[in-house]
Amino acid sequence: VPGCRITGSICLEDQDITQGLDVNLLRRRVGMVFQKPNPFPMSIYDNVAYGPRAHGIRSRKELDAIVRDALESAGLWEEVKDRLKSSALSMSGGQQQRLCIARALAVKPEVLLMDEPTSALDPISTAHIEALCLKLKERYTIVMVTHNMQQAQRIADRTAFFWMGHLVEEGETEQVFRHPKMEKTAAYVSGQFG
């Protein structure tokens, strides 16, 4: 990307992904869910089957099983099982976000990145996504960006605070929220740290 600057390293199992890792392999290992739901303008089924097809799966029976498993994992199967051929764009915002989660899960990633996945959702849809994250973190490593401190407390095992690109504090969520390093955080916020 023109103008993009990368410093430091991002490692996935001790391999720096900024050093020429095959993008297709990376997309298979790391799923991404964005701030606003972004379903593809195609059917619910095809949204979920998109990734597995891109990775060479062609068997309808195998795709059917993957789609069902991903939709069940995203807590959406019961709501959509009778309308898999319907446009994903006809779904509610909360359903679209869970569909995007199902699409990410369909390729069986090791890590799921979520960039403020509930910021564009109503409180009921947010509760669905949070409950889903609590279930999914038993099987996946989830890295979630959120500006909602209460959400971080409800979901995260570990929490990291960043301020202007600097890591201010990180650790076990309960510890970070019960005993924050307030002096250091206040110093960052006021600009006293370099």
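**Charges over rings, and what surrounds them**

Modeller: The charged end of Arg60 sits over the ring of Tyr45, 4.5 Å from its centre, where sitting over a ring requires NZ of Lys or CZ of Arg to be within 6 Å of the ring centre and within 35 degrees of the ring normal. This is a predicted model, in which local features need pLDDT of at least 70 and side-chain atom pairs count only at pLDDT 80 or more, while totals for chains, interfaces and linings use all residues. Residues are numbered from 1 along each chain as its sequence is written, and side-chain values use heavy atoms, with hydrogens and water left out.

Arg103 likewise lies over the face of Phe40, at 3.9 Å from the ring centre, and Arg103 also takes part in a helix contact: Ile44, Asn47 and Val48 in helix 2 meet Leu99, Ala102 and Arg103 in helix 5 (contact means heavy atoms within 4.5 Å; helices are DSSP runs of H or I with at least four residues, strands are runs of E with at least two, and both are numbered from the N terminus). The residues of this contact divide into 4 nonpolar, 1 polar and 1 charged, with Asp, Glu, Lys and Arg counting as charged, Ala, Val, Leu, Ile, Met, Phe, Trp, Tyr, Cys and Pro as nonpolar, and the others, Gly among them, as polar. The axes of helix 2 (residues 44–54) and helix 5 (residues 93–105) come within 7 Å and cross at roughly 30°; such axes are lines fitted to C-alpha atoms over the stretch in contact, and angles run from 0 to 180 degrees between N-to-C directions.

Lys108 is partly exposed, because its relative accessible area is 47% (buried is under 20%, exposed over 50%, and partly exposed in between, with a 1.4 Å probe and protein chains only). Glu13, in the loop between strand 1 (11–12) and strand 2 (15–16), also has a positive phi, near 50°, but Glu13 counts as exposed because its relative accessibility is 63%.
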